[in-house]
Amino acid sequence: MTTPELGLPMVYLVDDEQVVRQGVAWLLRSRRLLSDGFDSGEAFETALEQRAASGMGRDDWPDSPSCLVLDLRMGGMSGLALFERVIARGLLETLPVIFLTGHGDVPTAVAAVKRGAFDFVEKPFSNNALVDRVEQALARSAAALLKRRELSARQRRLEQLSKREREVMELVASGMSNKAMAETLQVSVRTIEVHRASVYEKLGVQSAVELLNVLRP
Amino acid sequence: MNRMPPGMPAPSSPAIAPVREGPPRWFLWVALVILLVAVQALLLGLTLHYRSSKAQEEVEAGVLASAEELRKMLGADLRRVLNLPGREAAPPLWRERAQVLLIERPELLRLERRDTAFALTHAMDTPTRSPPFARIPRAEAQLETELACRAAERRSEPSYSRSFFVPHADGGGVEVLDLCIAERIGERVTGYVVATYGLPALLDQLSASAPPPGLDFAMLEPDGTMLAHGPQRSGAGVFRASRLIDLPGTAIQLQLNSPAARPSLVPDLVTTMVVGLSLTLFGVVVLLARDVRRRARAESELAESLAFRKAMEDSLVTGLRARDLEARTTYVNPAFCAMVGFEADELLSPARPPYWPAELADEYQRRQEERLASGAQTRDAFETTFVRKNGERFPAMVFESALRDASGAHAGWMSAIVDLSAQRRVEEVARQQQDRLQATARLATIGEMASLVSHELNQPLSAIAAYATGTLNVMDAHTPGAPLDAELWGSLHVAARQIAQQSERAGRVIKSVHDFVRRRESAREPVPVAELVEAVLPLVRLQARKSDTAIELDLEPGLRKVVCDRAMVEQVLLNLTRNGIQAMQGSPRDDRRRVLVLRARASTPQWVLLSVFDTGPGVDAEVARKLFTPFFTTRSEGMGLGLSVCRTIVEQHGGALDFENVRDAADAVCGVAFRFTLPAERGRLAATRDAIDAEIDTQPPATLANEG
């Protein structure tokens, strides 16, 4: 499960019942998963704030595959309220949410799933169903993180291009020949060739086809 | 819409309206006064005019008569003069006769006889007056006489001279007139006879002989020159009349001057009466005007009070109805019309009011006749049912009291009618809300308890499951037979301890639920079955109405009370009925009526059997197996606690709960019956017997010992 470049996956447990928290943590550890417990929505919210304030920037957290296991019924801030905060912070993709529900909360949990929660697991849970779902959620988080990284790397590379190089790149992507580009941009074919080589180098591609693949979102 | 009782003036709008047609009121009064003044003035003027013209007429008549008299007098004089002895007679005879004539006719002043040469032959002056020609000789004053004689000669008839003035010695004088008669023998004139009239004397004679004596006469020349006055100078100069008297040879105007003065206002009786009557008339008019003003004020006050009354009646929400002694409706107000939906005309005509419900009309009729017969005049209030025009029945409160006419006699009844349906509706709504609230509260209690219990159990069970699963994971990962390191052992130990602790906790939860249920057992009491059913009935009806389900009760009469925890058993009844109603809702079979039957029977002397029948689709075998499993439900919103809780409750009471599909004649399932038993209260007899039995049980050895 562990993806070397992404760091250790982390499961965040929010449940007001210490016994349950400890039990689930124990269960997760038996499957070699790290977890961090919070006894209320407010506590988790505070932790998020601290991470944001420590200068790492909201976009960079979580930097490892993460998953939030959230009890639906808690004193203070309810699970649903915390879920709404998570959505508001745009963490839904990188921090999938799994609800723990008691009897009678199923319709609420279903509604939450429709709003974007990863899944809900009814208490009392048995076997390793919960852990399996947690691992799937971590996998999704890892995928989301990878994609985000790839996107930001490409962004960085695109930012290295000069204005002229960017123009040339766009024309190459549109399938224009060097000669046509030289006429369009009012420069010599030689200049175009130099720019083109520079673009290929900066973006780490060998051909126009590869360039198109890089630019595809 | 509105109808007034007979004999009461309808407050028509023009009477109320402050704006009048035509000229303003003061104009009428001014016109009346002007007309009155004009008429009075005219009347007065006419009266004066009449009197004036009457006086004038009298004068005219007088002057006519006088002129006639004068003519007659002159004619008589003429004849007398002609009868004087002629020329052939001896002068003494003439003298004698002339003297007689002059005495008899004092108007004649002198008689003369002249010859053809107009020389005086005989003359005789009147002895009654001074001789006329004393101051001046006759010869100097005979020019007019000669002219007259010539005329007489020429025309062969007596002729009068123009009048002339003869001065007297005393400074005065007299106006005289000569009559000349030509004496003839054949065609030859033989001489003349001249008679001299004194005009004043003539007037004296005239005033003495004319019908109203003492009139003021005067003689004038035709041109108006005054010749002579009569003896009376009483003429007022206002009413005059003159008459021209033609005499041969001359003409004299006779004027009569009435002593009557111009008629004046005051001293005249007729005028006074007219003025007095006019003043009286004015007074009467003034009195009349004040009376009219008073009446107008009273009228406007009446109109105002009528308008006020009508506005009051129209604005009332309470219906008003007046009936006469024969119970005919004589008046209804708009509120009553609106209440029953009939027009006023429809309510006033018929003998039997259309707002009586057909099925109750006979009873109302009887009641009304009783009331009529008793002549009750006291205030009376009763509740009744009326029907609206659209057929809707509604409860109404009627306050009836005697209606008295202006003289205080009993004339009928006045009823105030209040529509109670709105009030009833409010009460009904309030009751329903109350029921709903209660229902919600009861359901909430059960639901909350279930939710609470499940949460309380979920927590330890979750922890147990987590530890157990985790332990299994650890053990699976561990190679059997390999030594257990300290850390692993420690964590397994923690897990096992937690599992034990949480199991204990779960046990405590269950025990507390058990305690709760046990506590309820002490609340058991004997309750009539009907009361149980009635307690849930409003709620059941509420649900039934929504789904158009009929509720039927079938309670055996004389059932014993059941010993139970009232609230719990009500919960069971509620659950079962709700299940039944919902089961029927689920079946869209329109051909079958939705009926829910609540039945209670004494199954044995000790047990009462309560059943809930529905006409739903029944329970199939698959469902039947799981029906009493906790948390099993066929409904999406159900909690699945209903039937299992019901069974628990019933069993705690010592009873049993089961169900059976009801089958129709064709052996098809046509519904379900849920039945449960509850212990009946033991009668006193049974209780006594039990007590005796208990006593016997404790004493058999002794008894046996005695026998033995």
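1. Contact between the chains. In this predicted model, 19 residues of chain B touch 19 residues of chain A. On the chain B side, the elements that supply two or more residues are helix 10 (421-477) and helix 11 (486-521) of chain B. Helix 10 of chain B gives the most, with 15 residues. By type, the chain B residues that touch chain A are eight nonpolar and eleven polar, with no charged ones.

2. Chain A: elements. Chain A holds nine helices and five strands. What pattern do they follow along the sequence of chain A? The pattern reads β-α-β-α-β-α-β-α-β-α-α-α-α-α.

3. Chain A: burial and contacts. Chain A has 217 residues, and 31% of them are buried. Among the contacts in chain A with a separation of 6 or more, 64% are between residues 24 or more positions apart.

4. The sheet in chain B. Chain B contains an open sheet of five strands. Their order across the sheet is 12-11-15-14-13, and the pairing is antiparallel. Which strands of chain B stand at the edges? They are strand 12 (329-332) and strand 13 (380-387). Each of these two has a single partner strand, so one side of each has no neighbour in the sheet. From one strand to the next, the twist averages 30 degrees.

5. One strand pair in that sheet. Strand 11 (residues 319-324) of chain B pairs with strand 12 of chain B in the antiparallel sense, over three bridges. To find the pairing by eye, look for A322(B), which stands opposite Y331(B) in strand 12 of chain B.

6. Is S53(B) buried or exposed? S53(B) counts as exposed because it has 12 C-beta neighbours inside 10 Å, and the cut-off for exposed is 12 or fewer.

Key:
Residues are numbered from 1 along each chain as its sequence is written. Chains are lettered from A and ligands numbered from 1 in the order in which they are written. This is a predicted model: local features need pLDDT of at least 70, side-chain atom pairs count only at pLDDT 80 or more; totals for chains, interfaces and linings use all residues. Helices (H or I, at least four residues) and strands (E, at least two) are DSSP runs, numbered from the N terminus. A residue is buried if 20 or more other C-beta atoms lie within 10 Å of its own, exposed if 12 or fewer, and partly exposed in between; C-beta atoms are placed from the backbone. Two residues are in contact if their C-beta atoms, placed from the backbone, lie within 7 Å. Ala, Val, Leu, Ile, Met, Phe, Trp, Tyr, Cys and Pro count as nonpolar, Asp, Glu, Lys and Arg as charged, and the others, Gly among them, as polar. Two strands pair if DSSP finds at least two bridges between them. Axes are lines fitted to C-alpha atoms, for helices over the stretch in contact, and angles run from 0 to 180 degrees between N-to-C directions.
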